Structures are given as structure tokens and as C-alpha cells.
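Let's take a walk through this one together. Have the sequence and the 3D view open side by side, and we'll start with the overall picture before zooming in.

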Amino acid sequence: MKEGNNRNVEKLVWDQMAKGSARANGGGAVMGSASRNLTRLMTYAILCFAITYLIYSLNLLLAARSCPPLPPPCDATCPNSSLSAATTITSRIAVAQGLGNETSVSRAAADSSRAPENKAMAGEGRGTDLKHIVFGIAASSSLWEKRKEYIKLWWRPGQMRGTVWLDKQVGRRRGEGLPPVRISGDTSRFKYTNRQGHRSAIRISRIVSETVRLGLRDVHWFVMGDDDTVFVPENLVRVLSRYDHRQFYYIGAPSESHLQNIYFSYSMAYGGGGFAISYPLARALERMQDRCIQRYPGLYGSDDRMQACMAELGVPLTKEPGFHQYDVYGSLFGLLAAHPVAPLVSLHHLDVVEPIFPNVSRVAALRRLLEPMRLDSASLMQQSVCYDQKREWTVSVSWGYAVQIFRGIFSPREIEMPSRTFLNWYRRADYTAYAFNTRPVSRHPCQKPFVFYYEKGRLDRKAGVTVSRYGKFRVPAPSCRWKIASPGIVQVVEVSKRPDPLLWSKSPRRNCCRILPSAKNESVSIEVGACRDGELIVT
């Protein structure tokens, strides 16, 4: 019985163990099946991700290899020009021309590729001559008879191109040697709300666009000026030749008056002193100027309207100190006798200031300047400083204009500052009112300069030098007890100089001058020329 019970128990245990083993084997099969399913799922996910990444990479490679066609040319005013197209055009022209100004290049490229006839009108190559410049001269019928005499001084019929733009017809005579005259278009549709100005400013500001619409060919530059502006044509060509006329350039100078520049802008080229606009920029301006003018009815003059449109085109002022607005009163002597180291390009406000040479009319004074202009235009008004060590004199030569002799030794740093022979535009003797450093005419009566003005000159062809004579300006000399020899005994100064037409193709530097031995105390001989190796402007 016991043995039978034991066998039953044992059987029961084995049966339970067998069932447990079967359950265990069945659960392992289930778990193995789930594991295999998870592995397949992860493999499918990785394969899908890899295929998607491969397709995306192939699309990128194919897009990079294919070059889409360039969009149609678009000028600087076009709002939807693509960055990639502008960059492609810029890089191509930069490689071809070796240019570094990417912004100007892209604008020039867009404008120059607009139409085939533009290339013919704008001219090929970089060389600029007088025939490539077109002048636009702003004039008033009420002042025409007087101011046309200034234009006659510098205008060269048959060699220059340009137009005088008037508000209404004036009497003309044949053979006057003046540019053609045209009447400006009607501007009554434009608003003008400045109470201190005159709406003729709108008419004058549109001269650039009206000149462009004349359709003249082979133009590099449009140059604007007033009827009382006198240009030095050769120096204008020298300045503009430094720049690539196929790019966007707005060239001129601000006012001499600090207050004028604050009221208007230091970034504005003053129209009376003249300014130059490159051909492609003038074309871009012509297309948008009328809309631009409508946005600025409250501005005062024509030149600030011009600068506002330049700002909308994104073109800054390129400053050239040889353009002279001369917003001053009185005598220009201090400014002309210490001209900056730059070509003299223009003079303005000639009806406001005193004649540049004493005891003659304004026109006659300017006519005297034409002779040294013909002899050596590059050196006109250029200042040189030297010393007579034996007599302790400082000598300043403004070639073609005047010579000053001072008692005592002045540093070049002081002599190169203009002396205040003028008042500011508001008729005040305020030395803080100018956009440059100035000095008093003299700090002591004994330091007042003795002045000698240009009288005549000639070219010595055999020696290859110009010889110019400067006569003493006879005014009473102040009393002086200094023991230094008085320059009052000198009556004539003779200056010899070798012309250098390539002066401004070099780095800017003043010429040096040297006092030459003279047998007479009544005369001083001076040589002016390029500084020698190691030569300094010191005593």
C-alpha cells in the first residue's frame, strides 16, 4: 500500500515536472519569436532611413552639378534680383578685370549687359579723355548775360560736349564760344514744400537725367556745374581717369563750411563746385529720379535731392578735394595759396568772393589764371615751402598764383594751413566754422607775409622749364623792429619749374622748392620741382 502510494506520488511529481517543462519550452518559443520580429523591424527602419538619406544626397549632388541659366539683366534699382545671380556676375567680372569692389562691379555688370547699344554709348576700355565727358550746366535766364562770361573762360568749342540748361529762352549771338542751350522740362507736377528755398531746385536736379536722355554716344562721365563754376578741364580728366567709368561712381566734394555740411550733409557733393557721375550710374538715376524726387518735397536744393537719390541707389560720395564749392565770403587768397595736395578741378561762387587777383575785375582775374593753366595745369596752385636760411625767411610758392615771404621760420605744418582771409558762409569770423584747419593771417605784425602775385610766364623750350614772374603786391608794410632782414626790399620773384604732366599718376607729395643765388637784392630766384632723394622741407 505504501509502495503503491509512493509510486503514485512519484508519478504525480514527474507528471507535474513534465508539464512544467512543456510550459517552459512553449514560453521560450514565444519569446524567441518576439525577438526575431523586433530585429526585423529595426532592420527595416535602418534600411528605410539609409535609402532616404541616399536619395536626398543624390538630389543635392545633381542640383550642385546642374547650372541654371542666369536671370535677365537687372539694374541696381531692381528689387527682385537674386543673390546667386549677382554673385555669379560679380565673380566673372572680377576675374576678367581684376576688380575688388564687388558691389560696384555687380551694378556695372548688370547695367552694361542690359542692351548691346549701351556698350557703344558708354564706350569700351578705361581710358577717359575730354571727349568722353558731357557737361550739364545749370543756368538762370536772369543772370545769363553776366555769368556766361565765366563759361567762356573754360569752354572749348569743338573739343567739349555739353548743354546749358535754362529756365527760359535767352538771346544768343553766333560765335560766342558757348555750349548749346536747351530749356529744362516742366516740373510743375513735382511738389516743393521748403519755405526757405526755391522750386527751381527741382529743375536743376533733373539736369543729369535730361542730359542722359539726349542719347549721346561714347560717354564715360556726366559732369554737373553752375553757370558761375570754372573748371580746369585737364585736371578734371586727370581725376576721372583714376576711376573705372563702367562702375557706379558719384564724385565731388562737400562744402568748406562745417555748418553747411551739418545742415545738408557731409555725404553730399555740392553742385556749384561740380560733381561727376559715371555713365551706368547716370542711366540708373534717369530711370528712377522722378519717382525719387517725389519722395523728398521738403529738401532745400538740387544737390541734396541728388544725394537723396544716390542714397536710394546705395552709392556713396567719392570725395575729391579739388572740387571747390567755396561757401565763403571775402578773399580766397588763404585757400588758394595753401591748396590741398590734389589737382585743382573747379572754382565756384565767383560772384560772391573778391577777384582772385587784386585791382582787376573777376573775369579779368580768372583770365590771368589761364596762362599758367596752359603752361602746367597739373601744378596749378600747388604749394611748395622752402627757406632762405641766411636771411631767416620762410617762402611759400603757390605755383601759377602767388608767392609769400615771411620773416622768421615757420614749420611746414603751419604754412600748409590756409590763412583766414575769408569769412564763413554766415559772414562770421569763426575759425570753428570750417571743415578743415586754418590759421590767423599773422600772430605778430612782423610775421605778416609779403605777397607777390603771378604776372606772366613762358616756356623755355631749350631748357624744358617754365619761367614765371611774380610781382610785389604794394600795400603798406606794418612797422617791425625785428633784426631779421625785411622782405620788403624784394620787388620780383622768379620761379623756374619743369612741367610734370604725370604728377598725379604718382603718390601724392608736395614739390620741393629751393632758393637760388641771386645777384640782386631786389629779386629772388626759386626752383620748384620733385623732391630729391632724402630731401626734406626743413631749414
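Among contacts in the protein between residues at least 6 apart in sequence, 68% join residues at least 24 apart; contact here means heavy atoms within 4.5 Å. Before going on, a word on what you're looking at: this is a predicted model, where local features need pLDDT of at least 70 and side-chain atom pairs count only at pLDDT 80 or more, while totals for chains, interfaces and linings use all residues. Residues are numbered from 1 along each chain as its sequence is written, and side-chain values use heavy atoms, with hydrogens and water left out.

The protein has 14 helices and 19 strands, taken as DSSP runs and numbered from the N terminus (helices are H or I, at least four residues; strands are E, at least two). Of its 539 residues, 47% are buried. Buried means under 20% relative accessible area, exposed means over 50%, and partly exposed is in between (1.4 Å probe, protein chains only).

Now for the inside. The largest nonpolar core has 78 residues, and Phe135, Val403, Val493 and Ile526 touch the most other members. Helix α13 (residues 362-376) gives this core its largest share, six residues. A second, separate core of 29 residues includes Ile207, Tyr250, Met268 and Tyr270. A nonpolar core is a set of buried Ala, Val, Leu, Ile, Met, Phe, Trp, Tyr and Cys residues joined through side-chain atoms within 4.5 Å. Zoom in on Val403: leaving out residues up to four places away in sequence, its contacts include Phe450, Phe452, Tyr470, Val493 and Ile526.

Tyr250 also leads us to a strand. Tyr250 stands opposite Ile277 in β7, and two bridges join strand β6 (residues 250-252) to β7, the two running antiparallel. Strand β4 (residues 221-226) also pairs with β7 in the antiparallel sense, over four bridges, with Trp221 partnering Ser278. Two strands pair if DSSP finds at least two bridges between them. Both faces of β7 (residues 275-278) are covered, with Phe275 and Ile277 buried on one side and Ala276 and Ser278 buried on the other.

Next, look at helix α5 (residues 144-154), whose buried residues include Trp144, Tyr150, Ile151 and Trp154. The buried residues of α5 pack against several elements, among them β1 (133-138), β2 (161-166) and α13.

What about charges? The structure holds 28 salt bridges, each a side-chain nitrogen of Lys or Arg within 4 Å of a carboxyl oxygen of Asp or Glu. In one of them, Asp290 meets Arg189, with the closest N and O atoms 3.1 Å apart. Asp290 lies in helix α10 (residues 279-294) and Arg189 in the loop between β3 and α6 (200-205), so the pair ties together parts that are 101 residues apart in sequence. Asp290 is partly exposed at 21% relative accessibility, and Arg189 is partly exposed at 49%.

Arg242 and Glu320 form another salt bridge, again with the closest N and O atoms 3.1 Å apart. Arg242 sits in the loop between α8 and β6 and Glu320 in the loop between β8 (318-319) and β9 (328-330), so this pair ties together parts that are 78 residues apart in sequence. Here Arg242 is partly exposed at 40% relative accessibility, whereas Glu320 is buried at 6%.
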